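Here is a short briefing for a first look. Please view the sequence and the structure before reading on.

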Amino acid sequence: MTTTETRMFAGISVPKTPLVDLAIDYARERYETYLFNHVLRSWLFAVRIAELQDITHDGEVVALGVLLHDITLNEGFAGPRRFEVEAADLARDFATKAGLNQRRAQLIWDSVALNSTPSIGLYKEAEVMLCTTGICFDVVGLKYNLIPSSEVRAIVAEFPRLGMKQKMAACFCHIAKTQPETTYDNFVRDFGERLVPGYRVPSTVDLVAAAPFDG
């Protein structure tokens, strides 16, 4: 980042740079309103947690990673890879075209690709960890007690959820139904098994047993 200029969203101070502005505009144009609100809330949660825990990080990388992480999440998703990887490629391309170097662009790729895999994302670089934390905070309440409840309420009031649970579930079920092969090793599998009739997952036990090796 080349500037310390900031702006306020819902009482949270976030970086204001041309790149962050570009990402906000890009997100606003491409997301449904409920998803745009989700990525804004997640960004604010990530920034606030970083502040509360005094975590040094690249604010532009966190902004882009969070703001662009669901760019492929919709009921028209057609793969061919899992939606987080498709989104990660788009986010990295966006960052590279905007002039970010390879390391920063790769951090954004990792942040997007791992946003729904906290068992990995929480143990990577600070930027990836913060993206994972902010997003999972908003989706499943991960580390919910880290931010004062009054601040959480203010963020939700400014960027309302608009039925996010139901709308996200519809997207996940669409993916499980139409692109099941992209869901076998990630959380979308849970939606398929619970909510999509006829959804079946191959067993890793069978894959290991059928590997083309002796013993």
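The model is predicted.

**The hairpin**
- Strand 1 covers residues 6-9 and strand 2 covers residues 12-15.
- The two strands run antiparallel, and four bridges join them.
- Arg7 has Val14 in strand 2 as its bridge partner.
- Two residues lie between the strands of this hairpin.
- Ala10 sits in the turn and has a positive phi of about 50°.

**Helix 3**
- Helix 3 spans residues 59-67 and is mostly covered.
- Nine of its nine residues are buried.
- Among them are Gly59, Glu60, Val61 and Val62. Ala63, Leu64, Gly65, Val66 and Leu67 are also buried.
- The buried residues of helix 3 pack against strand 2, helix 1 (18-30) and helix 2 (33-52). They also pack against helix 4 (83-97), helix 5 (102-113) and helix 7 (126-140).
- Asp58 is found at the start of helix 3. A side-chain oxygen of Asp58 comes to within 3.1 Å of the backbone nitrogen of Glu60.

**Asp138**
- Asp138 is placed in helix 7.
- Asp138 counts as buried because its relative accessibility is 4%, and buried means under 20%.
- The side chains of Asp138 and Arg41 make a polar contact at 2.8 Å.
- Leaving aside neighbours within four places in sequence, Asp138 is in contact with His38, Arg41, Ser42 and Phe45, and also with Arg161 and Met164.

Notes: Residues are numbered from 1 along each chain as its sequence is written. This is a predicted model: local features need pLDDT of at least 70, side-chain atom pairs count only at pLDDT 80 or more; totals for chains, interfaces and linings use all residues. Side-chain values use heavy atoms; hydrogens and water are left out. Two strands pair if DSSP finds at least two bridges between them. Buried means under 20% relative accessible area, exposed over 50%, partly exposed in between (1.4 Å probe, protein chains only). Contact means heavy atoms within 4.5 Å. A polar contact is a pair of N or O atoms within 3.5 Å; within protein, one must be able to donate a hydrogen and the other to accept it, and residues adjacent in sequence count only if both atoms are side-chain atoms.
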